[in-house]
Amino acid sequence: MEIFEGLMLGMSVAVSPMSLMLCLLGVTLGTLIGVLPGIGPAATIAMLLPITLTLNPIYAMIMLAGIYYGAQYGGSITAILVNLPGEPSSAVTAIDGYQMARQGRAGVALSISAIGSFVAGTIATLVIAVASPALSQIALRFGAPEFFSLTLLGIVMVVVLAQGSALKGLGMAVIGLMLGLVGTDVFTAQTRFTYGINEFRSGIDFIAVTIGVFGLAEIIRNLEGNDAETRRSHAISTLMPTREDFRRAIGPILRGTGLGSLLGVLPGGGAFLSSFASYAVEKKLSKHPEEFGKGAIEGVAGPESANNAGAQTSFIPMLTLGIPSNAVMALMIGAMIVQGIQPGPRVIVTQPELFWGLIASMWIGNMLLVILNLPLVGLWIRLLRIPYSVLFPGILAFCCIGTFTANGLEIELYVLAVAGLAGYLFSRLGCAPAPFLLGFVLGPMVEEHFRRAMLISQGDATVFFTRPISAGLMALAFGLAATMFMPTLLGWRRRVFADAED
Amino acid sequence: MIDWKSRDAVSGLMFLAIAIYVSVSTLVGLDIGSLDQMGPGFFPLALGVILGVIGVVVLASVKPDEDEMPPVNWRAVCLIGAAPVAFGLTVRSLGLVPALIVSVALATLSSSSIRPLNAVLVIVGVTVFCVVLFKFGIRVPYDLINRRFLP
């Protein structure tokens, strides 16, 4: 049995002392930034990318992945205790979780969310292990036209499912693609948009741009408000849920896991959409819908399981197709490229240790999170009291030194500054940064696949529609793009996001 | 009538400006080619046209802003934007430690609430932490202080 062998190989990689240590470091850092205000997983992973360059690629990926799903746990801690979701995906948890905290049941809410997340993480890991090899088998037969259609579909999906205006998201994706053009054209060796700057010949550095758009811009945005305020947290009495709590939570946990695993695979959906969908489903199925919003345990168990499952399965398109489904996955792709690994369906064949090791480490990481976080929750609460005015100078120093040490070029610090200001402008204009980053990472690939497809077909653009797989992907992409402008879907999107922001 | 100060309108104008800039500079400087013999300018021009269309559609469907945003903190914009530049200008000529001190100091200046003593503590703390992590932990090959500039 191939999958079993793979998981065994993965386990042997994931339980090595170095893997365990970096996995622990990753999930701890993830929880930390999930708890701390004003810094998200995308910015953190961008800042830590340069450091991981010194590591073996397997260890680097294990640590970066740990940061991502660790942040999902950390985000729910602040959502429950102080009604401030650390991550957007925990926004729904805050509704009933905070009410439970006000009723003195904060510990129970935390336990149920940790247990739900662990169950979801375990099942989702199995889903990845089963689905990924099959999917990469299919993708191995892809040629240039299929890959072009696939990337197009990925971009369209991110735009449709991302928060904010879909049209502006599309524009941001195109701007990202344009930025990806800078450098030497691989087909003719002519330089484009380099303005005589030698360092730009190999393209604008991905690390500097991401740290700018996600790290620096976030700092400037947070400084709009009052940075001195500290927050008060509810006390925790008992962590142990009652038998009745378990009975009520088990259904939502399993349903949330299913929903999250499914939605997580969709580009752009991931953790955020799945937690909201799960809340809506549980409210509809419940015999006591009036309890929702007043501390219903189902409203914590379902969304928390869903967002963790979604966070896990969003690795599937990244690992098997080389298509990122959100900003964090775009960073992981970038990390692989910087490490000299070509992302795509071949990763499972050429890098089995990396592929299976990463999957196995996710399960171990989820276990570490449960073991660590429940006893340590008091420590995390204390961290909540750190005022932002002390925190952000450190974040800024990390942004600068991280950008510089990646390649040792001063010009990247100037790119960082410009990217930071641009990222702030984007957020003021309500233009989502995630499609931009996706376009930027995918840009060179999109162009290469397109031009290669055109070379093969001798300039016949119908090639995308005459090959069956490519035609199917194209139909999906165009169909989605068309429905994007249909009023019903627009209304649905607005309702989903409006509800989630309540 | 379009509210030119709304977020949508400014976004649309930004898209249009970028689209025109990229298209024109591609037409001027790069070989476009044809579908079967694509030059380096083909893809940039295509993107420019697409972004232009998007910009026009965004402008055509401008909606007034639904919510008020907090005012821009211009002090933070300038100082946070200047910090990496200051770091870049000093890291080689003066060394890692001075570069860190300058950029962190610029950052602390952008906070309206931090007290001077705390600011100094933050600057020292962050600098020490970064030096320990990057110089002694990861062993980056950059001088802490450039000796040529010492008296």
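The crossing of H8(A) and H19(A) is right-handed, the near helix being turned clockwise from the far one by less than a right angle. Helices here are DSSP runs (H or I, at least four residues), numbered from the N terminus. The model is predicted; local features need pLDDT of at least 70, side-chain atom pairs count only at pLDDT 80 or more, and totals for chains, interfaces and linings use all residues. Residues are numbered from 1 along each chain as its sequence is written, and chains are lettered from A in the order in which they are written.

Helix H8 (residues 166-179) of chain A packs against helix H19 (residues 433-456) of chain A at about 45 degrees. Their axes, lines fitted to C-alpha atoms over the stretch in contact, lie 6 Å apart. Contacts require C-beta atoms, placed from the backbone, within 7 Å. Gly169(A), Met172(A) and Ala173(A) are among the H8(A) residues that meet H19(A), whose partners include Pro435(A), Phe436(A) and Val446(A). The contact comprises 12 nonpolar, 4 polar and no charged residues. Ala, Val, Leu, Ile, Met, Phe, Trp, Tyr, Cys and Pro count as nonpolar, Asp, Glu, Lys and Arg as charged, and the others, Gly among them, as polar.

Between chains, 52 residues of chain B contact 54 residues of chain A. Helices H1 (7-29), H2 (42-60), H3 (74-90), H4 (96-109) and H5 (116-137) of chain B each supply at least two residues of the chain B side. That side has 37 nonpolar, 12 polar and 3 charged residues.

Methods:
Two residues are in contact if their C-beta atoms, placed from the backbone, lie within 7 Å. Axes are lines fitted to C-alpha atoms, for helices over the stretch in contact, and angles run from 0 to 180 degrees between N-to-C directions.
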